[in-house]
Amino acid sequence: MVAEAVRCNPSVSGASKSQGSAGCQVSIEPRLEADPVDERAIIARCLAGERRAYALLVERYKVLVHDLVFRMLGDAAEAEDIAQEAFVKAYLSLRDFRGESRFSTWVCRIALNRCKDVLRKRRRAPWLRARYEEGPDVAEVADDGETPAHSVERCEREAALQRALASLPVKYREVIVLRHIEGMELHEIGRVLGIAVGAVKVRAFRAREMLRSLLQSEGAPR
Amino acid sequence: MTRFEELLEGQLTGELAPAAKAEFSELLALAENRRAFQAHRETVALLSSLERQIPSSSFTDEVLASLPERQSRSWSGLWNLLWAPRVVRWNVATALALSLVIVVTALTWNSLISRHPIASEQHPTVTLFRFSLDAPRAQHVSLAGDFNGWRTNDIVLADVTGRGHFSVTLPLKPGRYAYMFVIDGATWMTDPRAEAYRDDGFGNKNAIVDIAAPIGSNGDI
């Protein structure tokens with residue numbers, strides 16, 4: 001298994017996110033709030049030929065889809081391309097969207113399927129994954145209110161975590177990304193992956209165990 | 001998966017009901033469980049501390065630029081005809097002819113209406129199409145498709161024989177339509193006897209029907 005490094009660039013990251021609490025539970029900011037009726041209206045406008053209406057959906061979910069793809073592939077440039085492809089494919093299949101689930105669930109599933117294609121190709125052609133094996137860019141690290149030393153430390157921690165994520169088998173990686181990074185609920189993850197909620201719980205539990213073990217073996221900074 | 005592991009999943013995200021929470025607290029009496037809980041909590045905290053990667057500022061524009069034009073069939077043509085700026089040249093003969101048409105139409109309008117009261121309600125290109133499904137165990141079957149915005153309770157199929165053979169006949173204009181049956185308001189089912197199928201993006205397939213028949217021909221599936 002080959003670990004995948006990630007170039008940390010705080011200047012392009014920084015979406016706000018609540019930190020884990022020190023108490024008995026970790027709070028995750030609800031990120032997928034969207035009115036399904038409103039979404040149906042937007043989709044109806046897209047189907048009626050109003051292409052600009054689709055921008056509303058892209059704007060609403062671009063960070064989610066882009067981050068999901070990035071966490072699955074570990075490559076920011078590739079994440080941008082694949083996330084855009086997912087939105088285009090969703091648009092082309094809009095007539096087949098039945099509204100059983102939210103649009104975000106649907107587009108995430110499309111994006112994840114595309115990620116799996118890319119990961120399969122990488123397995124067959126390992127040299128494809130080499131181009132993003134760079135360390136943190138110190139020149140870009142300085143951020144508002146954060147010293148360069150702290151920024152470097154945070155980048156190293158994130159890079160170690162991303163490497164550990166990349167070492168997880170895909171079926172565990174996708175669950176842990178959707179659950180603990182994108183903040184999806186169990187039943188929604190089940191819909192995205194096409195598996196039962198029970199299976200989501202089992203995979204999430206095992207994924208955390210594996211991830212912890214990987215981080216410990218690497219001696220990741222905390 | 002043990003009971004502790006199952007409860008742990010809910011506890012980590014604060015989704016446990018009070019009773020389950022109390023049960024979880026009891027299980028934490030075991031040192032082994034406490035260690036596992038602590039380890040999982042730390043891992044979740046670490047994952048939650050990751051900052052989201054933001055796409056480029058041109059992300060949405062690039063997606064829109066990649067989209068093909070989706071013409072709203074005849075409406076876009078009509079819209080252009082009505083609203084596109086154009087120069088109209090007039091002469092006296094054209095004005096007189098137009099005036100004559102307006103006068104004749106006004107004089108004959110009432111008689112035309114009274115002679116053909118339902119002419120405007122008939123649509124010459126509609127084909128009657130029967131959708132049917134054998135579902136002996138179903139209580140209620142409805143039809144949803146892109147022709148009704150995938151609403152699940154608009155079109156209800158009737159079980160005339162009482163033996164689970166549900167059907168409904170719809171007037172459809174020529175075109176290609178995707179549809180699914182909805183059993184008892186909850187289960188989506190692809191028509192096993194559809195003419196064609198199309199992937200719905202979730203691993204299932206929507207049934208497809210092509211309406212191209214001329215006036216008067218009825219289909220049955």
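Trainee: What covers the buried residues of H1(B)?

Mentor: First, the terms: a residue is buried if 20 or more other C-beta atoms, placed from the backbone, lie within 10 Å of its own. Helices are DSSP runs of H or I, at least four residues, and strands are runs of E, at least two, numbered from the N terminus. Two residues are in contact if their C-beta atoms, placed from the backbone, lie within 7 Å. Here, the cover includes helix H8 (197-218) of chain A, along with helix H2 (18-27) and helix H3 (31-48) of chain B. This is a predicted model, where local features need pLDDT of at least 70 and side-chain atom pairs 80 or more, while totals for chains, interfaces and linings use all residues. Residues are numbered from 1 along each chain as its sequence is written, with chains lettered from A and ligands numbered from 1 in the order written.

Trainee: Which residues of H1(B) are buried?

Mentor: In H1(B), residues 3-12, they are Leu7(B), Leu8(B), Glu9(B), Gln11(B) and Leu12(B). After that helix comes Gly14(B), with a positive phi near 65 degrees.

Trainee: How many residues of chain B are in contact with chain A?

Mentor: 49, and they meet 55 residues of chain A. H3(B) gives the most to that side of chain B, with nine residues.

Trainee: And how do the residues on that side divide?

Mentor: Ala, Val, Leu, Ile, Met, Phe, Trp, Tyr, Cys and Pro count as nonpolar, Asp, Glu, Lys and Arg as charged, and the others, Gly among them, as polar. On that side of chain B you get 20 nonpolar, 18 polar and 11 charged.

How values were computed: A residue is buried if 20 or more other C-beta atoms lie within 10 Å of its own, exposed if 12 or fewer, and partly exposed in between; C-beta atoms are placed from the backbone.
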